[in-house]
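Hi there,

Here is the complex I promised to pass on to you. Please have a look, and my notes follow below.

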Amino acid sequence: MASTRKDPVLVVLQLSGANDYLNTVVPFTNPLYWENRPNLGLPENQLIKFTDDLAFHPTMGPVKDLWDQGQMAIIHGIGYENSSRSHFRSMDIWHTCEPDKVGTEGWLGRVIRDLDPTGENVLKGVNFGQGLPRAMALRGVPVTSVSDLASYGVLTDIPAIGGGDEREQMLELFSRVYSPAIGTGMTMDYLGQTGRDALKGADIIKAAPEQYSSTIEYADNPIAKSLKSVAQVHLANLGTQVFYTQYGSFDTHFNQLPAHAKLWTDVSGAVNDFFADLREHDASDNVVMLVFTEFGRRVHDNGTGCDHGRGGVAFALGDAVNPGMYGEYPSLKAEDLFEGDMVPSYDFRGFYSTFAERWLGLDAKPIVGGEYEQMDFL
Amino acid sequence: MPSQEDIALMAHLMRRAGFGASRAELEERCARGYEATVEELLNPGDDSGIDEDELYRYFPQFESSLAPVAAQTEWVYRMVNTTWPLKEKMALFWHQLFATGNSKVDNPPELLAQIGMFREEGLTNFPNLLVKLAQNPAMIYWLDNNGNHYGSINENWGRELLELFSMGVDHYSEEDIKEASRAFTGWTLGTKPPRQPVGRFYWSFEFKPEDHDYGEKEFLGHTGNFDGADIIDIIVKQEDTARFLARHLYNFFVADEPQVPAWSITPPNDPEAIDTLVKAYMDSDADIKSILRALLNSDFFKNARFQHVKSPAELVVSTVRMAGNYNQPRTGFPLLAFECGWQGQELMNPPSVESWHTGSEWIDGGALVRRVNFAAKLLSDTSLPGVKAIVAGLKVRGTLSPAEFVRACLDLVGPVEVDDGTFQELFTHAQEGGDVSWDTEDAATESEKRTGVMLALIAATREFQFA
Amino acid sequence: MLTTVAAGRVFDYSHCIGMYSTSGIGFLVPMDFGLGSNKTVYVLNRGVDEITLRISKCTLDHEFITDIGRFGMGDGQFVWPIAIALDADENIYVSDENTHKITVMDEDGEFIAKWGEAGSGEGQMRGPAGIAVDGDGHVVVADSQNHRVQKFTRDGQYLSGWGSEGSAPGQLNKPWGLCVDKEGSIYVADWKNDRVQKFSADGQFLLEFKETPGGVGGLHRPTGVAVDSDGDVYVADWGNHEVKIYEPDGKFIAALVGDAETPSPWVQDYIDANPDVAKARRRTNMEVEWRFNRPIAVHLDAEDRLYVAEAVRHRIQVYTKERDYAEAAINL
């Protein structure tokens with residue numbers, strides 16, 4: 001399928017482990033915030049205030065820059081009814097859009113299928129990380145999963161096989177032993193095709209870092225590395241329209257203050273560098289980023305951390321985003337909480353639908369399994 | 001010395017009924033004979049090969065962690081080091097059949113306890129196993145039987161028991177599902193302290209008489225005041241159940257079948273084989289050992305070499321068993337567990353109750369690259385004990401021509417059977433280095449290196465993906 | 001029972017310290033601990049992965065001080081740390097079963113030295129486990145996979161050693177924890193022989209602690225041992241989830257089963273912050289939480305208070321030994 005760099009591109013960043021809403025977008029004028037966070041309340045003089053009563057976590061300066069540049073939408077109170085407090089279950093629900101049963105198809109798998117119905121481009125969807133997130137899993141939809149762009153490929157990182165010519169020779173041999181042979185059966189044919197495709201895909205994607213140059217110096221942490229890889233593949237113009245990556249663990253039951261600060265230092269810096277990198281290459285206007293987590297955390301802290309809750313915050317970032325705040329910050333009043341948790345008011349499937357329909361131009365209904373309220377951030 | 005054919009057949013048996021065996025073990029088993037080996041696999045001694053106290057001494061996290069990786073790692077450790085290969089393989093079989101996932105259960109220790117139950121009960125008889133399954137806490141939670149109440153049934157367990165765990169679609173009515181569900185009301189979970197903040201506690205099965213429907217039920221043409229065990233008794237006497245289980249066993253042990261959803265419209269690859277297994281089931285009152293004995297001693301099994309794509313767990317475990325570098329407590333086991341997941345089989349977290357799709361569906365581009373790289377890296381490392389043994393096995397054969405070298409490597413790493421095209425490529429590669437000699441120290445060093453490369457190439461072939 | 005009365009002694013449950021936690025306050029798979037001055041305690045946490053391994057330095061009053069050490073092969077890093085001991089200056093000694101080394105750090109966790117060489121020769125070690133500092137400041141190590149005990153100077157010079165694989169008196173099988181009494185005698189948890197052996201300071205076999213007449217006092221895979229000022233011997237009976245107490249001559253006195261009925265303050269904070277957890281605790285029998293689960297290390301302080309660490313419960317239970325206990329009226 002012909003692709004141009006100007007096809008819309010969606011980058012999904014998953015904050016794994018449940019990011020603490022209250023300490024990410026802090027309602028610092030609300031006395032209930034301070035009452036519920038005797039140990040985790042962030043020092044008010046360090047908060048990065050962006051409205052009269054809301055502030056970012058002190059480490060989110062680079063995110064605030066994006067806000068100031070009008071490239072950020074904040075979606076308050078996102079979640080789903082009867083929110084699960086299990087990471088695994090809740091993440092599964094976010095990935096499959098199936099809150100009532102165990103689903104097998106990922107919503108982005110359906111997105112990729114609809115973007116490339118014939119499955120021609122194995123790089124239409126690219127995940128950076130080990131294994132494939134369920135969000136991208138859909139039978140028959142090829143998706144590429146790259147744990148490390150630098151060492152991606154067949155027969156890499158094998159000391160017995162030297163580099164250069166020796167490895168090239170091996171790959172040629174590999175390609176030949178995977179070529180079609182008559183009468184060996186369907187499974188062997190399928191394996192042959194898959195092996196040769198994998199070799200081809202690796203060749204293509206490995207070229208991306210070689211073509212790349214940038215003045216942006218990403219920090220040395222996994223999320224910066226992943227987003228740099230996203231930038232490299234995007235700039236190589238390989239037709240990728242869905243990127244996926246994740247960072248964590250945001251599961252800050254204990255010792256949250258330093259842990260959460262480190263996480264947001266890394267994420268804020270990486271996200272800002274990523275967009276700066278794209279802008280430097282004049283390649284940012286067709287990219288939006290979706291940032292989500294599986295649920296928010298308990299309103300009241302537990303001494304040094306806080307526990308699993310409901311109702312979180314999500315972000316949309318990018319040139320094309322209509323900046324501002326959407327939805328409502330859930331009430332912190334005791335009588336409005338459910339077992340100590342904020343109650344979400346906006347269904348995440350509406351959030352997804354907005355991206356699918358208004359950004360990627362797809363029919364959102366079959367992708368998220370129904371019709372949900374979209375918002376005007378796109 | 002056993003014949004080449006005996007070795008090849010024994011290797012086949014050990015790949016399928018276990019997780020592969022070294023050449024030394026194959027030769028030893030050949031000396032005892034094929035049928036004796038089948039009996040030994042079905043009735044292993046008391047020693048599992050795992051000292052439970054040592055296990056938890058060196059891996060205290062297996063008892064303490066709440067994270068999935070600890071449970072997965074413990075199971076991988078057992079698969080790699082078991083001397084009960086068939087028991088452990090049956091645990092994997094039942095896990096793939098009675099697929100229960102952490103994505104919902106969110107309780108890895110409890111899932112591991114379910115695997116332990118499969119290990120203990122997996123070679124008994126099918127009705128016993130189904131009762132244990134119905135009372136297994138992870139299963140109760142997974143299929144919502146804790147929400148199946150007198151007067152307000154939840155059909156999830158009742159439906160999957162019939163559809164996915166015993167009879168298969170089309171062999172019962174919706175009414176049967178409802179009646180079965182009534183019979184399992186009151187089969188629920190006991191209370192327990194929450195796992196946080198002092199660590200794990202196990203669920204327990206609890207029967208609540210006050211929540212059980214004692215009324216009369218009509219199920220598959222039988223009428224009575226049935227409870228869950230009665231329902232299972234009726235189910236296991238159905239030939240449809242025998243046929244369904246037979247096809248699962250065939251797909252897992254013999255040769256890849258179409259995927260389960262296609263079974264109602266696609267006949268088995270080998271209907272006679274299925275009939276043989278059905279007969280063994282009916283004749284033995286669903287005794288699992290009897291069915292497996294019939295299967296493993298059959299010609300259709302013996303003739304099915306390399307007709308089964310290795311699952312990720314099979315590939316990972318059999319490769320490290322071959323390499324011999326994980327045969328005692330050490331660091332690195334969690335990576336083996338992760339590797340299964342990265343190749344598409346996250347243990348104790350199947351995609352749904354319909355389990356993983358198997359056969360060629362294990363393979364996609366990413367999974368294939370991982371499989372190839374994982375196996376090639378290990379088998380090319382001539383410092384590992386199992387690879388050293390292969391090198392030693394080559395050495396005793398003296399100087400080898402390139403063709404002999406390729407054949408010997410294929411033999412000692414399996415035996416692996418490859419098609420002519422593949423052999424030709426390996427041979428062409430070997431030819432560039434000429435004869436393989438061990439006469440001088442330099443020659444031996446070079447030959448050892450060439451062996452590592454050759455084993456990497458074999459691990460990278462299509463044929464290596466099959467068991 | 002919160003109070004155990006046996007053979008003229010009374011052991012009274014006092015309180016507990018700890019909770020499950022991956023960093024900061026709380027512990028994760030505690031293997032051993034050392035009692036320092038000013039109510040300081042150093043808890044050696046194996047953790048459940050490379051991130052959660054650490055030594056928690058905190059106080060017996062539940063004040064978290066700092067985390068020390070982390071996973072790795074470098075200085076001040078550990079792979080499979082298993083035991084910890086303090087010397088008179090409160091320097092920390094940690095044995096590592098995987099690297100076969102002893103690491104020495106100061107009380108703030110600053111790395112001082114690392115010694116030990118893998119092997120079975122004199123002064124070499126394979127799987128060093130239990131570790132203790134004797135009255136001379138010498139370091140006694142259970143050289144577990146060599147089935148022996150070795151004594152070193154604090155900087156690792158070999159002094160002496162004894163034991164060989166076997167089950168006869170004086171022989172050992174994968175010994176784990178050990179301690180030194182005020183006479184300098186050494187008690188070794190002879191793990192795979194299901195007993196504790198007492199040796200003189202120069203390694204002469206003196207006595208063993210195991211099942212006594214009446215079929216009581218049997219041990220299964222004991223991991224830790226401590227001796228109080230009266231000479232009573234406390235054994236972490238890891239495999240039976242109990243702490244066994246013996247008289248100095250080896251007679252079995254009593255078994256403690258764990259009594260943590262009142263949660264630690266850290267645990268209580270957690271419960272208070274989680275209404276669903278509080279609810280779940282109210283609707284079930286909590287006894288299983290009070291009981292020992294893998295008691296793995298025992299130590300005593302100067303007042304003969306007994307501290308028991310549990311690997312699976314991530315806490316330390318504290319018992320006092322009452323000397324002025326007034327018997328209650330029997331007919332209540």
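In chain A, 55% of the 378 residues count as buried, where buried stands for 20 or more other C-beta atoms within 10 Å of a residue's own, exposed for 12 or fewer and partly exposed for anything in between, with C-beta atoms placed from the backbone. Before going further: this is a predicted model, so local features need pLDDT of at least 70 and side-chain atom pairs count only at pLDDT 80 or more, while totals for chains, interfaces and linings use all residues. Residues are numbered from 1 along each chain as its sequence is written, and chains are lettered from A and ligands numbered from 1 in the order in which they are written.

On confidence, the predictor gives the complex an ipTM of 0.96 and a pTM of 0.92. For chain C the mean pLDDT (the predictor's confidence in each residue, from 0 to 100) is 96, and 100% of its residues reach 70 or more.

Back to chain A: it has 10 helices and 12 strands. Helices (H or I, at least four residues) and strands (E, at least two) are DSSP runs, numbered from the N terminus. The C-alpha trace of chain A spans about 75 × 45 × 40 Å along its principal axes. Of the contacts in chain A with a separation of 6 or more, 71% are between residues 24 or more positions apart; a contact here means C-beta atoms, placed from the backbone, within 7 Å.

Chain B has 25 helices and four strands. Its radius of gyration is 24 Å, close to the 23 Å that the rule gives for 467 residues, so chain B is as compact as a globular protein of that length. The C-alpha trace of chain B spans about 85 × 55 × 40 Å along the principal axes, and 55% of the 467 residues in chain B are buried.

Now the interfaces. Between chains A and B, the contact takes 38 residues from chain A and 40 residues from chain B. Helix 21 of chain B gives the largest share of the chain B side, eight residues. By class, that side of chain B has 14 nonpolar, 17 polar and nine charged residues; Ala, Val, Leu, Ile, Met, Phe, Trp, Tyr, Cys and Pro count as nonpolar, Asp, Glu, Lys and Arg as charged, and the others, Gly among them, as polar. Chain A also touches chain C, with 12 residues of chain A in contact with 13 residues of chain C. The chain A side there has two nonpolar, six polar and four charged residues.

One is an open sheet of five strands in the order 1-2-27-26-25, with antiparallel pairing, where two strands pair if DSSP finds at least two bridges between them. Its edge strands are strand 1 (3–6) and strand 25 (295–300) of chain C. Within this sheet, strand 26 (residues 306–310) and strand 27 (residues 315–322) of chain C are joined by five bridges, and Val308(C) has Gln317(C) in strand 27 as its bridge partner.

An open sheet of four strands in chain C has the order 21-22-23-24, again antiparallel. Strand 23 (residues 242–246) of chain C is joined to strand 24 by four bridges, and Val243(C) stands opposite Leu256(C) in strand 24.

Best wishes

Conventions
Contact = placed C-beta atoms within 7 Å. Rg over C-alpha atoms; globule rule 2.2 N^0.38 Å.
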